[in-house]
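Here are my notes on the model, as numbered points. Please read them alongside the coordinates.

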Amino acid sequence: MIESTDINVDYCEEERLTCVLVLDTFNIYINEIVSHISLPLCLWPINGRPLLDYTIHTLIQSNIQEIILLATSYSNEICSYIMNSQWLRTYSKFIKLIPYKEARSLGDCLRNLEKENIINRNFLLLYGNGTLLTSEKLNTLFSVHNENIRRDRNCIMTLVYRQLNSNHFEHPSYTDDQHVFVLRDNNTHRVYDYSNEYLDKYQISLDLFKQPNITMEILYCPLDCRLAICSPDVLHLFQDNFDFLTINEFVQGVLFEAKITSHTIYSHLYETGYFLSVHNLRLYMKGTFDILRRWSYPLVPEIISSMDKQLFSIVTTLVSSQIKLNDSDVSFYNISYPIIYDKHNIYKQGDIKLDRLSNIEQDVFIGHNSQILSGVYLRRSCIGQNCIIDKNTQIINSILWNHIQIGENCIIKNSIICNNVLIRNNVQIDKECMLCENVIIGTNVHLNQRMIIIASNFITSTGIIDEIEIIKNDDISISSENVKCSNSKQRSNSTSSSEKFINSSNEEIIVSNSDLVGIDGFGKELIFNFVHDGQAENFEDTDNDEDDDSDDDDKNQLNAFDAWGYRIERRENRGSSVISDDDFQEEVIRTLKRAYMENLKPNNIIDELNILKPTYNVSPTEFEQSIIRAIFLLPLENQIANPEQLNYWNTLKLTMDKISQTILKNYMKITNEQAQMLLLNEIDLICLEYIQLIGVYIANILMYLYDNDVIDEQLILKWYENKQEKIKNNQLIIKLEEEIYYDKLKQFVEWLQNAESDV
């Protein structure tokens, strides 16, 4: 049991232990998802409590006497949480919230903190969302840093890592955005070289090995805790160097100028203990399941809940008239119901209803007032409050927030379902999908992996919020003789989501993709147009192009990884096109775009393309490859891609019907086997390059080309057989993320073979 700590006592200024939490990932992909939830990542629920709550618990138990929260774009929501929680009422003197709404990077936050002039001693810095799950007490790190300063008065920072016990690529706590290379002294742990770049080889200066009494060791991809112990000089250096945006840039800058400034940086490596910095969606899911499996003990649900039953009760009188909880946020701040811990790591919060024929296997959290019906299978999942799981549904490795209804015979794997979501019958949701607030998934829908579905057609952070009201009725009832309850009290009423009413303050029409979510569904896929050019573009165009260009490098550094922590392949962005880095291909795309917008005749377009060929001095093969790529990447152009269009495939079909089909028939004649094979190979490369955006529609693309006599049936089969032969001989290795593409390609080929045999 965690002992309560009374820190509301007067400490001497020099004894006070301070921790600064920077509550933002500064990742545009995560922040765009957050804009459709209106709840920052640091407040996402983990087993009934906000993620930030676990970090504050750890700091309190570590005898940290001053906690400074630096909030950025969602400071109002964080302020609501703090003002209406037990923390501020119990530890009001030692929790400070400082909003920096204009901050765009960690460097901006620390420069603003320096201006506040409230840090004059060593402090812990938690960055990368400011949320760390750990079983260790962090106050011991001050002793580590003080010892480094005792040996070296120039030490200004100690970086904290956790040793991984296995290959980092295989370790579940490792994501691409944690890649780091550290060269340090084996004895003193002083850092001499540092890099977070993916390189096949790292160059180390020979001068480092000429220094006496130094034994070098390499830390390659330890677990980055996103934690550092800093001296006040760190804030001064950030203030003096405006090009420092991240910790990585700061460390590299200090090491590069070490001979001039004499500043040094050290590292501390934990060999035991649980550590997890939650700064992307994969780590959010892992942190949830790790707590269920009690790897973070004593940071487990029933112990934290027992410490204070009223920890998150809503106060009747608000602390400030400007602080007000949104209705959608209430579910995260209501009364902390008691949690019962059962065998096989099953947690039951408050009153729940379990059908006797349901199968709750292991590592499951079920929130208050949730109902689990007959035949439901749950494994390693978190079910929030007021949820209904209908008959014969399977939920595996998934997180459900509050007020969710799931119909019969559904399969949900490795996904996140946010508040007020309705999933109808016979729905299958593949891994790493996320359904944002108020989404409705229609009957018999299958969502492919890594899809993010949103209900709104605009960014909710602008202050315009859609409200979709779910009407309650008694469509679902549970037979009392088949129900076992975790409490003696029975709940007679049950909820069902049957109708939706949409109220928008600006009367904007909300677009729903019925092809994706079903005719009885509501929602559309969130597509990041800037993912493919390596640039961190704004969602609204700006007139100041000079400023945008000057910030490109800074933005690239901040947004090299997607919301799940996967590295984004980078490419040069040349000109206005978002999809090409080749001058000739850009010109082809511009020609096709103009032809599409101006309704030019296909024959005139072909003449223009033929004129381009000698101008750019390209070979016939390069000419044809560029035309193919331009045709299939044309729907991604901003002027072509209409937000009201349902998806990439619908836009491609429009361009095909209008101009592209005739162009393909002209250059890729169906009687020319070499040209046909070139067409198939280029389509294959494009689909593999943009799997989630284009590759998932490979069956639609080939079916269209086949039906319109653009491509020959026998050549498709021959091309596919050659591809399968390469796979069989290990000449071609299928990556995990490519499986969805090859599955859909196989389905089309099998259909084509059956259609041929029927004839």
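Is Cys433 buried or exposed? Cys433 counts as buried, because its relative accessibility is 0% (buried means under 20% relative accessible area, exposed over 50% and partly exposed in between, with a 1.4 Å probe and protein chains only).

1. Basis. This is a predicted model, in which local features need pLDDT of at least 70 and side-chain atom pairs count only at pLDDT 80 or more, while totals for chains, interfaces and linings use all residues. Residues are numbered from 1 along each chain as its sequence is written, and side-chain values use heavy atoms, with hydrogens and water left out.

2. Cysteines. The search of the whole structure finds 0 disulfides (a disulfide is a pair of cysteine sulfur atoms within 2.5 Å). For Cys19, the closest cysteine sulfur is in Cys230, and the separation of 9.9 Å is too far for a bond. Cys19 also counts as buried, at 0% relative accessibility.

3. Helices α5 and α7. Helices here are DSSP runs (H or I, at least four residues), numbered from the N terminus. The axes of α5 (residues 106–116) and α7 (residues 233–240) come within 8 Å and cross at roughly 115°. That makes α5 roughly perpendicular to α7 (angles under 35 degrees count as roughly parallel, over 145 as roughly antiparallel, 65 to 115 as roughly perpendicular and the rest as oblique). Axes are lines fitted to C-alpha atoms over the stretch in contact, with angles from 0 to 180 degrees between N-to-C directions. The crossing is left-handed (the near helix is turned anticlockwise from the far one by less than a right angle; clockwise would be right-handed).

4. The α5–α7 contact. From α5, Gly107, Leu110, Arg111, Leu113, Glu114 and Lys115 meet Leu235, His236, Phe238 and Gln239 of α7 (contact means heavy atoms within 4.5 Å). These residues comprise 4 nonpolar, 3 polar and 3 charged (Ala, Val, Leu, Ile, Met, Phe, Trp, Tyr, Cys and Pro count as nonpolar, Asp, Glu, Lys and Arg as charged, and the others, Gly among them, as polar).

5. Helices α19 and α21. The axes of α19 (residues 673–689) and α21 (residues 713–728) come within 10 Å and cross at roughly 55°; the two are therefore oblique to each other. Their crossing is right-handed. The α19 residues Glu673, Gln676, Met677, Leu680, Asn681 and Asp684 meet Leu715, Ile716, Lys718, Trp719 and Lys723 in α21.

6. Ile670. This residue lies in the loop between α18 (648–667) and α19 and is partly exposed, at 35% relative accessible area. Beyond its neighbours within four places in sequence, Ile670 is in contact with Gln676, Asp709, Val710, Ile711, Asp712 and Leu715.
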